[in-house]
Amino acid sequence: MSRRRLGWAAAGAGLALGSCRAAPSTLDPRSPEARRLASAWWQMFALGAAVYAVVAGLIVWTLVRRRAGHRDGGADRERLFVVAGGVAAPVAVLAVVAFITVDTTADVGAASPGPALAVEVVGHTWWWEVRYPAGGRAGEPAVVTANELRIPVGRPVQLTLSSADVLHSFWVPELAGKVDLIPGATTTLRFSAERPGTYQGACAEFCGIQHANMRFLVVAEEPGGFDRWRARQGGPAAAPTSELEARGQAAFMGAPCAGCHTVRGTPATATLGPDLSDFGTRRTLGAGLLPNTAANLARWIVDAPELKPGVLMPPIALSPAEVDAIVAYLEALG
Amino acid sequence: MAVVADRPAPARHERLARVWEDHPGLPGFLSTVDHKRIGLRYIYTSFAFFFAAGLMALAMRAQLAQPDGQVLGPQAYNELFSMHGTMMIFLFNTPVLAGFANYLLPLMLGTRDMAFPRLNAFSYWVFLFAGLFMSASFVVGQVPDGGWFAYVPLTNRANSPGLGLDFWGLGVVFVGISTTVGAVNFIVTAFKLRAPGMTVDRLPVFVWSVVAMAFMVIFAVPAVTLAATLLESDRLFGTSFFEPGRGGSSLLYQHLFWFWGHPEVYILFLPATGMISHIIPTFSRRRLAGYLWVVTSLIAIAFISFGVWVHHMFATGLPALAMSFFAAASLVIAVPSGVLFFAWIATMWHGRPQLHTPMLFALGFLLIFLLGGITGVMVSVLPFDWQAHDSYFVVAHFHYVLNGAVVFPIFGALYYWLPKMTGRMLSERLGRASFWVMFVAFQAAFFPMHVLGLLGMPRRIYTYADGLGWGALNLVVTAGSVAFGLGTGLTLVNVVWSRRRGRPAPDDPWGGDSLEWSTTSPPPHWNFAAVPAVAGRHAMWDGGGPVPAAPGPGPAAALAPGGALARSTPVTDGLEPRAEAVLDIARPTYLPVLVAAGLAVFFTGLLVQAALVLVVGLVLGTGALVTWAWRTEGDLR
């Protein structure tokens, strides 16, 4: 291979890797579970590449060695070749694969031992409800949030997952394999984040028109930071601190908003849409659709279906002043 | 070697033609029961669906070429990916293989038609009407949008109002009728209509693969028919088989669907391997290595494939012990596939491969299926599947299997057998160009999808954000898809060109080993005036080639051209084929198309919930069916 070709190859690989740096990669594991799954992948990749090289090599070899063809004879040798290559070799390789299967399954199940933080995740079309049950270490009250799963670093998390409507699937490639959310049943998933960070998650089971925009974030924090967040969320949501926010709260309670959403400690207690009690702290809106900025939120409130066709939140007729006030109120929550 | 092409003297030829010819024009089109016309029609019709579904894929790839694409909205995207899968599986892959089997089985077996010629016509009409039924959803503007798998509860009445999912559910039940009656016909034909000398251990491998496929169809299709029927029952009549809130189970649907769905992959794959098992020996100038091992492997795959369906449900939280059984079965099925692989390699190893277009497609198949098989083993590894499941890794895997390991053999088979069917050779130069474009573009279109899956890209998303880092690879995938589409277009051009301008095809252009090469290209309506007798597993190669079978007393008299003149063919019995009866081959009749039309009206009545339409369909279908049963004797004599 010429040096120039090598250069092209390197440039191509660089391009591919560069563009993928941001991707939520299964090969960039950040939990003991995902690490074990990634190592299973690399073991099978090595095995698979070897098998491919040998068999494809054989095929190419049959083509390049031009020998006189003949129709008969050599049946015994042929049979030996078929049995050795088609039965014995696959059985040997598959035995290794079976071992990898059993070994990895057992390891993943035991990768995060010890008492776990219990969190309930409920799938909705097309957003995620995240519930921290009451109790826990300090007897905190229950907390409900949406589209962000906050967890402490280094402590196992035990998720109990269910669905409010159709099938969904919970997938954070850097932290764990996926598990389905099934209406009328519960499933579980256990993992622990190794270091602080924000990890991309997505729904992996087709769930209707906005399946693509049913994303979420897992935010892993140092245990101290997580415990402070958890304690703060126990109480009522932040009260308005300015006249604008107060007007926003009043408008929120008067407008259709309160008919679907909850803000803890206020008259808004509906549960059709996401709980907004800590909305101001969330990084995205519309389940990962847009960055949570005042401008995006204003557009979202006025006409959510325009941004996310099919979303269940209807367009809402509000004056610009009301919108600004509601945005100010919501962005201050948390 | 001596090849006895069936060229009867002109006078007899004319008499045979009078007995066998269809009506001219449209009446002939509607009433023919000739397995060759029906087979070719099956192939052309399914290719129409292939190109339609391919264009849908290109529209989807245009949308995904860049982050935040604006080509299609979410609704259109979801409709297209649902119909792309539905069409490719139900209306292209399955029927195109049935088309080849329809055309080739009687010729390979040395008989004058299928066992049930009218049923054969019926299965084509049902396929066509079911395909049009599902396609009508585009005309009505209510297209199925629940995926080709239509998982509940997304697809129940509450979550998917409108007709879209009804087109899907009723269409699946409808087309299943065609697949099932076709399978029955293949089995009976292979077991009862074999030429003298063709013992079961001499059956061509393609015939074996079709028999194995047909048995799988008979056991698997009822499951998907049941799933779709119960789904429609929930949707139309308010039952609650799959309603979790009312005592139903959504997982039950998944079990039923995949109990068919995974065997279906092998239902498609087995006939494709059968085709490859003819192409490779022919172009290697060498008999297939390990015939008994190959046939045993086909049958083993058919059995084991019924024990792997749960690997589509590894993320549903089923008990680990239950899932490990299915993971193990999914690994085990790789062994018979390995046998097939090494039999093909051994054949080439001891032969001298010649790289004509069909052989190129066979080699492309080997290299692509090898990778698809390896990634198949990977996704059967339970813990790895938790990552790969429903990601683009799986999209890559099953396109390597269903596109690479089924479509490539089908294209190879087209170049190999179409000259026999049309009497015209395809252009070798255009064929090679088509192959190379398809092969290279295939890698660009589907290989990067493995990486995208590992990088966390889920399936069935109509858009993705810029920040996720999937843009560059998706652009490569889209470019590859467009090029792949162009490559298939070259073959389309080639086929159209050859029908007008192609060089006339000799009887045996490739030096093939099975009986279809002993008759003319295209074969006469009666296939063989005198039924040939075969002297070995390779009818054309062994013992100096086939010779006209010696007619005997009783039913064996039908072996002679007199049998063809009487529009009949001998029925054989047991492992050693001996003529035990004479099968009268039905004359052209409108009954099959009438029964199928009755069914189409019936399903339309269900769709629009109009009792009157439904009853009209029932009366038409039942009336034609009763006449069919009534008129058997009168029709024939």
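Author: Let us start with Ser163(A), whose side chain reaches the backbone nitrogen of Asp165(A) at 3.1 Å. That is a polar contact, meaning a pair of N or O atoms within 3.5 Å, where within protein one must be able to donate a hydrogen and the other to accept it, and residues adjacent in sequence count only if both atoms are side-chain atoms. This is a predicted model, in which local features need pLDDT of at least 70 and side-chain atom pairs count only at pLDDT 80 or more, while totals for chains, interfaces and linings use all residues. Residues are numbered from 1 along each chain as its sequence is written, chains are lettered from A and ligands numbered from 1 in the order in which they are written, and side-chain values use heavy atoms, with hydrogens and water left out.

Reader: Which backbone oxygen lies 2.5 Å from a polar atom of the Ser163(A) side chain?

Author: The backbone oxygen of Val166(A) does.

Reader: And where does Ser163(A) lie, and is it buried or exposed?

Author: Ser163(A) belongs to strand β5 of chain A, residues 157-163, where helices (H or I, at least four residues) and strands (E, at least two) are DSSP runs numbered from the N terminus. Ser163(A) has a relative accessible area of 11% and counts as buried, on a scale where buried means under 20% relative accessible area, exposed over 50% and partly exposed in between (1.4 Å probe, protein chains only).

Reader: What is Ser163(A) in contact with, leaving aside its neighbours within four places in sequence?

Author: Contact means heavy atoms within 4.5 Å, and on that basis Ser163(A) touches Val122(A), Gly123(A), His168(A), Leu181(A), Ile182(A) and Pro183(A).

Reader: Zooming out, what does the secondary structure of chain A come to?

Author: Chain A has 8 helices and 12 strands. Its radius of gyration is 27 Å, well over the 20 Å that the globule rule gives for 334 residues, so chain A is more spread out than a compact globule; the radius is taken over C-alpha atoms, and the rule is 2.2 Å times the number of residues to the power 0.38. The C-alpha trace of chain A spans about 95 × 45 × 40 Å along its principal axes, and buried residues make up 50% of the 334 residues.

Reader: Switching to charges, how many salt bridges are there over all chains?

Author: The count comes to 24, a salt bridge being a side-chain nitrogen of Lys or Arg within 4 Å of a carboxyl oxygen of Asp or Glu. One of them joins Arg155(A) and Asp227(A), with the closest N and O atoms 3.4 Å apart. This pair links distant parts of the chain, since Arg155(A) is in the loop between β4 (148-152) and β5 of chain A and Asp227(A) is in helix α4 (residues 223-234), 72 residues apart.

Reader: Are those two partners buried or exposed?

Author: Arg155(A) is buried at 12% relative accessible area, whereas Asp227(A) is partly exposed at 33%.

Reader: What about Glu580(B), which residue does it form a salt bridge with?

Author: Glu580(B) pairs with Lys192(B), the closest N and O atoms being 2.8 Å apart. Glu580(B) sits in strand β4 (residues 578-584) of chain B and Lys192(B) in helix α6 (residues 164-192), 388 residues apart. Glu580(B) is partly exposed at 39% relative accessibility, and Lys192(B) is partly exposed at 27%.

Reader: Now the interface: how much area do chain B and chain A bury between them?

Author: They bury about 7,100 Å², 70% of it on carbon and sulfur atoms; buried area is the accessible area (1.4 Å probe) that two parts lose on being put together, summed over both. In chain B, Phe342(B), Trp349(B) and Gln387(B) lose the most area to chain A, together 12% of what that side buries. The contact takes 82 residues from chain B and 81 residues from chain A.

Reader: And how many salt bridges cross the interface?

Author: The rule finds 3 salt bridges there, among them Glu205(A) with Arg460(B) at 3.6 Å, N to O. Across the interface there are also 15 residue pairs in polar contact, both at pLDDT 80 or more.

Reader: Which element gives the largest share of the chain B side?

Author: That is α11(B), with 12 residues.
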